[in-house]
Amino acid sequence: MNELQHPAEFPDVLPVLPLKETVVFPYVIVPLSVEPDRGVQAIDRALAEHRLVMMVARKDAEVPDVSLEHLHTLGTVGLIMRMLKLPDGRMRVLVQGIGRARLLSLSQEEPFLKGRVSEVEVPEVDSETSELESEALVRSARDQLEKALHLGKGFSPEVMVLAANLDDPGRLADLAASNLELHLSDAQTILETIHPHERLQKVSELLARELELLQMQHQISIQAQGEIDRSHREYFLRQQMKAIQEELGDLEDLSEEIAQYRQSAEEKAVPEEAREELEKQLRRLERTHPESGEVPVIRAYLDWLTGLPWGTLSEDDLDLQRARRILDEDHFGLLKVKERILEFLAVRRLRQDAKGPILCFVGPPGVGKTSLGRSIARALGRKFIRISLGGVRDEAEIRGHRRTYVGALPGRVIQGLSQAGTSNPVFMLDEIDKIGADYRGDPSSALLEVLDPEQNDAFRDHYLGVSYDLSKVMFITTANLLDPIQPAFLDRMEVIRLSGYTEEEKLTIARRHLLPKQLRENGLERDQVHITDKGLKKLIRGYTREAGLRSFEREIGSVCRKVAVRVAENRRYASRLSDTHIENMLGPERNFSETLLDRHRIGVATGLAWTATGGDLMVIEVTAVPGKGKLHLTGRLGDVMRESAQAAWTYVRGYFARCPEEWQLGSGETAPEPDRDHVRRALGDLDVHVHAPAGSIPKDGPSAGITIATALISLLSSRAVDREVAMTGEITLRGDILPIGGLKEKTLAAHAAGIKTVIIPAPNERDLKELPRSLKGKVDFHPLTHMDEVLSLALRPSQDTADDLDSR
């Protein structure tokens, strides 16, 4: 900054230039950068008139719109000396302040600011005492400027010359303030201090504070220089120690270790980026003292970097017949999964550089998702790695910790590859629907880079700091539910659903796999234990009732252990175990799931539900009590199921209101005369209570609408619901039946409970193709489109209901 003198004469109305974080003082020349639009237009207008502009500081630089309340009213009128327009629309100007002025008002805001200004008169120093005080202040300020210069403050020589020749305290204060790095508030305070003595006094206080900071900075510099000198001394001592160690032969071990790292990198196809990082760390290791704490950290990193299987690929076995045989040996059924693996092998056989699929096995626990991954690896001839992500909440578990942390490690993906020893293993990410997220990051988002085929060829682990190619890895994920998985995460995977097993499938699997495995684990021979089909069915129906096989295998193991006790004690036992022997060994049946009703009941209908562990029966009970026509819902029903019940109740009320003369029901028969009064009371003077038993278990989902409507109409028409009919489907207010999911699981539950007839929505008829042939032959399916058809099939005729009531 420089200073020139100029007469403080200016018009009453001038263009206004708002300044960000800048205060311009009188008689000081400063360069300014002017933003496009209103600032540039204000400068153009000033150049076209008097070359004068009113410069005021903004109160808040972040506020985009500038009005009078956003500006400091006291500023400086400046003379534009030079101007340069830049290509980006901005403008550079050189301005000299010529006097303080006050912004009285804004007369124009568009296209630039223009305002009325008035000159601020500066009082003169006249008395002898004031002159002495002025001279003392000026000398003190000059001394402070000299001291600041000696302590390293970057004042220009021109500023020091001007300060030495200035006797006016006000101008000296403005000169010093303009060359100090003041905050906007301090600079504005100096500008608004009109009296020269007061102004120079405040500047002296700021100079005193600046001197304290400069002295502290000088002391810190001296200390830092001492640290540098000590470092040089330590370096020379280390060099001497190195020479001594060379004489003693202690450096040979380090040289051999470094040579081994380099040899490991040469033997593997380490990419250039990783090789450069390796050499960088080796040079650090060579320069670092062997006793330094950094040495173990560097060695750990080098071990991980050279231990990874860079470019090491296991050869795929592309024999489709062998793969089919292995998959059939390890798993019974699961035709879709086996077909998908054979498709992958066929594509790899035709195109060697095909990217591996990212499969997501979704199904209840115990259906063989994890073991299926092992079979896939065996069929392909690849290594198998499995990591469980259940409960993982830290993003660093996937991407690794940065090496700045103590105990840092690579992420679990890189650790798995190092464990596998190849860059193309079958990598199973188990329980991805149970990944958490907290303040440490979201592991699901980190897995997006791992599983995205367009990105994972350059996966960057935070610990390694270099890219690693994951495109050759065949990733398989498992989950029990799809809902908790992020949509962006789910979009990168090919979902394959594994439903539960039928009773016949479980029997076959038990004969082929579960029973021989438990015999081996418990030290028994095949001829020592034989469980009959009835015994196995007893285990399935009475002790497990699950979609998978985990509990089933556990119960078989329990039976084998009890036999092992008798064998070890040389006690007599029955080697052929029937259902009676099973119950004697395991005690009473432990299955408390819903079963087939003992008789046809009024107001009770059997529905089918899907759970995370498979399908189950859900009985809906309805009764009427005196009230005001309200609907009560109990049984821990979720919001979706409550809305289904409300829709069913509204449909039922409309159903009876449509035909008050005949009270036609779905079967086409007319209800007896007393039913009409009963229905009228129920619709007005009675409360209806809908209950789903097993109240401690939460229930929700959009598939219970027709079951609730059937139970309601059964109650209001006094006609029983057939106990051997189960149903699933959502209902609309018009009585239409909407499609549902989980048909196979629900059908398995119905068959296990002895249900003979299952009502399903007509759109789900296509899903029947996915059911086992043996199951379709034992259950009679009825795809229906409207509630009237459901009532025709589910409600017993009036005479049969009366006979049932009489027999009761």
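**Figure 1. Arg 348 in helix H11 of the predicted model.** Arg 348 belongs to helix H11, which covers residues 335-350. The structure shown here and in the other views is a predicted model. With a relative accessible area of 13%, Arg 348 is buried. Apart from neighbours within four places in sequence, Arg 348 contacts Asp 316, Leu 318, Ala 354 and Arg 382.

**Figure 2. The aromatic pair of Tyr 301 and Tyr 463.** The structure holds 3 aromatic pairs. In one of them, Tyr 301 and Tyr 463 are tilted, with 5.7 Å from centre to centre and 55 degrees between the planes. Tyr 301 is in helix H9 (residues 294-307) and Tyr 463 is in the loop between strand S11 (459-460) and strand S12 (467-468), so the pair ties together parts 162 residues apart in sequence. Tyr 301 has a relative accessibility of 1% and counts as buried. Tyr 463 is buried as well, with a relative accessible area of 4%.

**Figure 3. The aromatic pair of Trp 310 and Tyr 468.** The rings of Trp 310 and Tyr 468 form a tilted pair, 4.8 Å centre to centre and with 55 degrees between the planes. Trp 310 is placed in the loop between H9 and helix H10 (320-330), and Tyr 468 is in strand S12, so this pair links parts that are 158 residues apart in sequence. Both Trp 310 and Tyr 468 are buried.

**Figure 4. Arginines over the rings of Tyr 301 and Tyr 27.** Arg 403 lies over the face of Tyr 301, 4.0 Å from the ring centre. Over the face of Tyr 27 lies Arg 171, at 4.6 Å from the ring centre. Tyr 27 is in the loop between strand S2 (13-19) and strand S3 (28-34). The relative accessibility of Tyr 27 is 19%, so with the limit for buried residues at under 20% this tyrosine counts as buried.

Figure 5. Most residues other than glycine have a negative phi, and most peptide bonds are trans. Tyr 27 has a positive phi, near 65 degrees. Phi is also positive at Arg 636, near 55 degrees. Arg 636 is in the loop between strand S20 (631-634) and helix H21 (639-658), and is partly exposed, with a relative accessible area of 49%. The peptide bond between Glu 110 and Pro 111 is cis, with omega about 0 degrees. Pro 111 is in the loop between strand S6 (91-108) and strand S7 (114-119).

**Figure 6. Packing of helix H18 on helix H20.** Helix H18 (residues 533-544) and helix H20 (residues 579-586) pack at an angle of about 45 degrees, and their axes are 7 Å apart. At that angle H18 is oblique to H20. From H18, the contact is made by Lys 534, Gly 535, Lys 538, Leu 539 and Tyr 543. From H20, the contact is made by Asp 579, Ile 582, Glu 583 and Leu 586. Sorted by class, the contact of H18 with H20 has 4 nonpolar, 1 polar and 4 charged residues.

**Figure 7. His 751 in helix H24.** His 751 is part of helix H24, residues 743-752. His 751 is buried, at a relative accessible area of 17%. Not counting residues up to four places away in sequence, His 751 touches Glu 504, Leu 775, Lys 778 and Val 779.

**Figure 8. Gly 654 in helix H21, with Arg 734.** Gly 654 lies in helix H21, and counts as partly exposed at 29% relative accessibility. Gly 654 and Arg 734 are 80 residues apart along the chain, and 9.0 Å separates their C-alpha atoms.

**Figure 9. The whole chain, as context for the close-ups.** The protein chain has 27 helices and 27 strands. Of its 808 residues, 48% are buried. Among contacts between residues at least 6 apart in sequence, 74% join residues at least 24 apart.

Conventions: Residues numbered from 1 in each chain as written. Predicted model: local features only at pLDDT ≥ 70, side-chain atom pairs only at ≥ 80, totals over all residues. Heavy atoms only, no water. Phe/Tyr/Trp six-rings, centres within 6.5 Å; stacked < 30°, edge-to-face > 60°. Helix = DSSP H or I, 4+ residues; strand = E, 2+ residues; numbered from the N terminus. Buried < 20%, exposed > 50% of the residue type's maximum accessible area, 1.4 Å probe, protein only. Lys NZ or Arg CZ within 6 Å of the ring centre and 35° of its normal. Contact = heavy atoms within 4.5 Å. Axes fitted to C-alpha atoms, helices over the stretch in contact; angles between N-to-C directions. Parallel < 35°, antiparallel > 145°, perpendicular 65-115°, else oblique. Nonpolar A, V, L, I, M, F, W, Y, C, P; charged D, E, K, R; others polar.
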